[in-house]
Amino acid sequence: MSQNVISNAVCTVCGCSCDHLEVTIDEEKIVKVKNACAMSSGKMLGYMNERITQPLMKKGNTLKPTTYDRAIEATAKTITKSSSPLFYGWSLTSNEAIEIGVDLAEETGGFFDNTTSTCHGPTILGVHEIGESSCTLGEIRHRADLVIYWGANPVHAHPLHMSRYTVMSKGRFRKSRADRKLIVIDVRKTDTAKLADVFIQLKPNSDYELMVALRAAVRGDEIEQEIVAGVPIDKIEELAEMLINCEFGALFFGLGLTMSAGKSKNIEAALSLVAELNSKTKFVIMPMRGHFNVTGANNVTTWLTGYPYAVDFTQGFPRYNPGETSAVDLLARGECDSALIVASDPISNFPYQAAKHLTSVPLITIDPHITPTTMCSNIILPSAHVGIETTGSTYRMDGVVLETRKLVDPPKGVKTDVEILSALLKRVKFLSR
Amino acid sequence: MEKEISILNAFVFDPLNNIEGEKLDVHIRNGKIVESVGRKARKINASGKTMMPGGVDIHSHIAGSKVNAGRLLRPEDHRKDVEIKTKHTHSGVGYSIPSTRTTGYRYAKMGYTTVFEPATPPLKTRHTHEELDSTPIIDKGCFPLLGNNWFIMEYLRDGRLDECAAFVAWMMKATKGYGIKIVDPGGVEVWGWGKFIKRLDDPIPNFDVTPREIVRGLCKVNKILNLPHIIHVHTNNLGSPGNYRTTIETMDAVRDLADGKRPIIHITHVQFTGFSGSSWLNLGSGAPEIADYVNDHNHVSVDLGQVIFGDTTTMTADGPFQYFLHQLSGNKWVNLDVEAETGSGIVPFQYKRTNYVNAIQWGIGLELALLVKDPWRVFMTTDHPNGGPFTSYPKVIAWLMSKKAREKMISRINRTARRKLDLPNIDREYTLGEIATITRAAPAKSLTLMNKGHLGLGADADIAIYDLDPSKVDLENKPFTIRKAFKETLYTIKNGKIVSKQGQIAGNSYGNTFYTESQVSKNLEADLIKDIQSRFKDYYTIELENYPITDNFLRNPAKINCEAEV
Amino acid sequence: MKKLQVTLLSGRSLSQGREKEQGKLSKSYFQSVACCEINGEDIKEIGLDYGENVRISTKYGSVVIKAIAPKQTLERGIVFIPYGIWATQISGSETDGTGMPSYKGISSTLESAKKEKVLTVNQLIKKSFRRKITKKR
């Protein structure tokens, strides 16, 4: 088979959703990819590593190969019998799959949560309180003369962010790096910080204090401290001046802000700072979303249930109370009696106590690859990669929806998330009639 | 499901076919209205009941990026209003911003069968379609926002009207959109810098084109492309005291382009741009002046944007206005600018009847409806959810039909507002026929939806049967009866199937998404693509190839073809 | 043996992000993720060199991983473990009512584990979750 080059493929790794990838396919395999960052080429060239190619079900202590029909039947029986099944993951699959997932949780009266709850959940909690002054990434590329990364390290986590959308990009009104200022605020001098015009290093777990001091300085209030969060006050006041005097400022923040002490309060303070800055200049804020479709998971869940994650269907209607209905809390309290994990690895990513509970209930996983979670599962349903082996829609971190492409076929016999979940929902409805 | 239904003996209101309250039988086969059916047809006895075509809502924010951002902003809006899952229906939430399934069900229960999302940012319109496709029962469509688009502003600045038309045609195809929406022309681009504009003739910085030129240019483009709807305009200066002048100026800006036959500009939610006065203290109703203009000029149509007292959520593409409202109210605020195209803003808001300004606003919408003489050019909306949730439509109908209902509310509003408004002195009461006009027939006609909004042969069998006996009740004295009847149909029929019966939804069917394709000449199209290709990368952060929505993205696409004149 | 009080950060690293796409059972993943970046002076203080194993303990648990040189600047008193199953062994499930556990800024103890082995994914799962992982036939 001759080589085939597909251009403008959409990457399905992080929230940047770069859509300029050039993929070379030879003999039905991806052999080369251009314009991709290290993570992206890692996925594009490594998508066949450690694949699960057949459904597996535990019989005794052994995982035995089985068929999709049998595995789906066993899954349907399990989650229908459960009084509080957990449906978790969702950030690495398509909008179409997520929609079916929500209906599954509703039909079985379970919990529906996505990786937001261990990622930018606190951001959303902040938005509920304050709101969010934001935009699509192109606005920043065109207009921003001041860009801040706070508790985020795009060189490592969003490698093309700066060249496509911020300080290294070319916009209509900002033609080059020289037209912009980069400020990095972090507890350590990251590789991103090395590129900054101004780097502010703060003490760990003191982002809230620094944010509040900055708000006060922006408002022109006098701060009666010499040092806040390990930062001298005149540095904070200088920073405030930079913020006020820019024409268009953009604050990007990452898990450094959501995961450290203060959590959602840190974000509330950040959102408030930006809202207040709009009385003096134009300012926007945007969370750096990690998984390629976590924004999609939030959006789909919100239009179907009103809430973006941690949805509880046990009462027959959507309820939402992160801290109570979020996955880590549910599991740590031992509340779920079965779990369906889709495109996620909570055994690796959840704190030990929560992960431990997952291993003590019937655990079903839908995933392309072997992961610690599949290794602990009772039923495994292999699936195809969205954006490589099947199409599907995804949301960029700024809310723009892109349609991904099918570049190659999945491994023989492997189904897509949509196919598996549709079949599962059909069985569940039949069993519950 | 029955393929044939006969609805017998209802009082039929079908203004497009000049039927006003006659007792008629209406027959349905295979989803259409037909002359007659066989003996085995299911028969619905509708004696003593009122039948109308299914409601057509021309302007309601039900789907897309800002709507969902509103849902996310307000979990408190959802907690107070939940829908429990039933055998046939999904669960849901939401008072002012319902979840998608709840939206479809609630519209169907009220007898509405077609709803248009009036403002979708083109770059994010896939999101709008995802939500529309998630909304059951109703037929739908959406209007892409074009009034702050970089390509369009530059074409108009350079006088390249044909290319502008070709671009709009391309845009309509790429977004699967229905018609041209203009919100705060030029103003949202300026808001991209956090700044504001005031006048129709102020040039937009960096683009050198004025709001007036944008409105006129797109009005001409609309004609060139023969689009089924007319330019749908949210004027500049929304929410500013004295802005009724901007409304009249905007309507007048295209007067010379009229052909005398039908409207060529639609001003939406005109209550919000119908303020007289110069400050909040002396704010008044500009409705009489606007109504005078509308009565004297048949090139204009309007819709109300009626205010409902209570808690709701404002959401529009008018980013600068929404920021202003945030400052005024102190409520939380979401802003979402969209590169090279438009913006949006969301702010929760409460309209209080004891508040002078809110009470005046409440009066403006009703005054407009009652003072505009031609019911074919004034449509009933609340600009859901900006003025109030669409579930409040029965209240609005009661106010329009019953002076008694109005008086009751007037007696409870802010005293100073009561004295200032003309509304207490207006006696007019809408008839059922006029209500049918402003809630179905006229919007359908304005959208040129040939098979909607009427019950003639060949029409889609979208029907609402209300528990109202116009022969027995003098409705103007029974506002509660009006409200109760319009709150919930006895039957709502969609494409010939019963979808709602006394508030019980039959199941999850999905309607069509209407979109427009206006074919320009091949040469013009080729030139346009060459032009866009060279500049797209400079304007957008996605590739041109990935911008257009693919044909199989929509669940039930229904294309409307038009012939362009270029 | 000397024990040092440090603050634990976990997060993304480029190699972790890249290697997770290679497969979580791969050697390259193990090498990129089952490790801990420690400041040069801190590692000297506990009597070790880079490449040797350390034990990090929090109130939630304890894990042995390899000490490596920081890839980005790292102050004294801060250690960095890339996201993954080794980091989460010592993370707590309390979310302070937010749903979000604390993955950054956890107070921990750092000490030498020179004579101990770093467990592979397989071994860790077996030990932590007391499950026998049997391969499919």
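The legends below describe several views of a predicted model, from whole chains down to a single residue. Residues are numbered from 1 along each chain as its sequence is written, and chains are lettered from A, with ligands numbered from 1, in the order in which they are written. Because this is a predicted model, local features need pLDDT of at least 70 and side-chain atom pairs count only at pLDDT 80 or more, whereas totals for chains, interfaces and linings use all residues.

**View 1. Chain A and its overall dimensions.**
Chain A holds 17 helices and 22 strands, where helices (H or I, at least four residues) and strands (E, at least two) are DSSP runs numbered from the N terminus. The C-alpha trace spans about 65 × 55 × 35 Å along the principal axes of chain A. Of the 433 residues, 68% count as buried, a residue being buried if 20 or more other C-beta atoms, placed from the backbone, lie within 10 Å of its own, exposed if 12 or fewer, and partly exposed in between. Among contacts in chain A between residues at least 6 apart in sequence, 69% join residues at least 24 apart, with a contact requiring that the C-beta atoms, placed from the backbone, lie within 7 Å.

**View 2. Domains 1 and 3 of chain A.**
Chain A is divided into domain 1 (4-45), domain 2 (50-118 + 292-432) and domain 3 (121-287), with bounds that come from an automatic or database domain assignment. The C-alpha centres of domain 1 and domain 3 of chain A lie 31 Å apart, and seven residues of domain 1 are in contact with six residues of domain 3. The side of domain 1 that touches domain 3 divides into six nonpolar residues, one polar and no charged; here Ala, Val, Leu, Ile, Met, Phe, Trp, Tyr, Cys and Pro count as nonpolar, Asp, Glu, Lys and Arg as charged, and the others, Gly among them, as polar.

**View 3. The contact between chains A and B.**
In this view, 50 residues of chain A are in contact with 46 residues of chain B. Among the elements giving two or more residues to the chain A side are α3 (95-108), α4 (121-130) and β8 (131-135) of chain A, while the largest share, six residues, comes from α5(A). By class, this side of chain A has 19 nonpolar, 19 polar and 12 charged residues. Five bridges join β8(A) to strand β18 (residues 333-337) of chain B, and the two strands run parallel; strands are said to pair if DSSP finds at least two bridges between them. The bridge partner of A:C135 in β18(B) is B:D337.

**View 4. The contact between chains A and C.**
Here 59 residues of chain A are in contact with 49 residues of chain C, and the chain A side divides into 27 nonpolar, 23 polar and nine charged residues. Of the two pairs of chains that touch, chains A and C have the most contacts. Chain B and chain C do not touch, and their nearest C-alpha atoms are 15 Å apart.

**View 5. Strand β21 of chain B and its two partners.**
Strand β21 (residues 463-466) of chain B is covered on both faces, with B:I463 and B:I465 buried on one side and B:A464 and B:Y466 buried on the other. In a regular strand the side chains alternate between the two faces of the sheet. Strand β5 (residues 50-53) of chain B pairs with β21(B) in the antiparallel sense over four bridges, and B:P53 stands opposite B:I463. Strand β22 (residues 491-494) of chain B also pairs with β21(B) in the antiparallel sense, over three bridges, and B:I465 stands opposite B:Y491.

**View 6. The surroundings of B:I231.**
B:I231 lies in strand β12 (residues 231-234) of chain B and counts as buried because it has 28 C-beta neighbours inside 10 Å. Leaving aside neighbours within four places in sequence, the contacts of B:I231 include B:I180, B:I182, B:L218 and B:I265.
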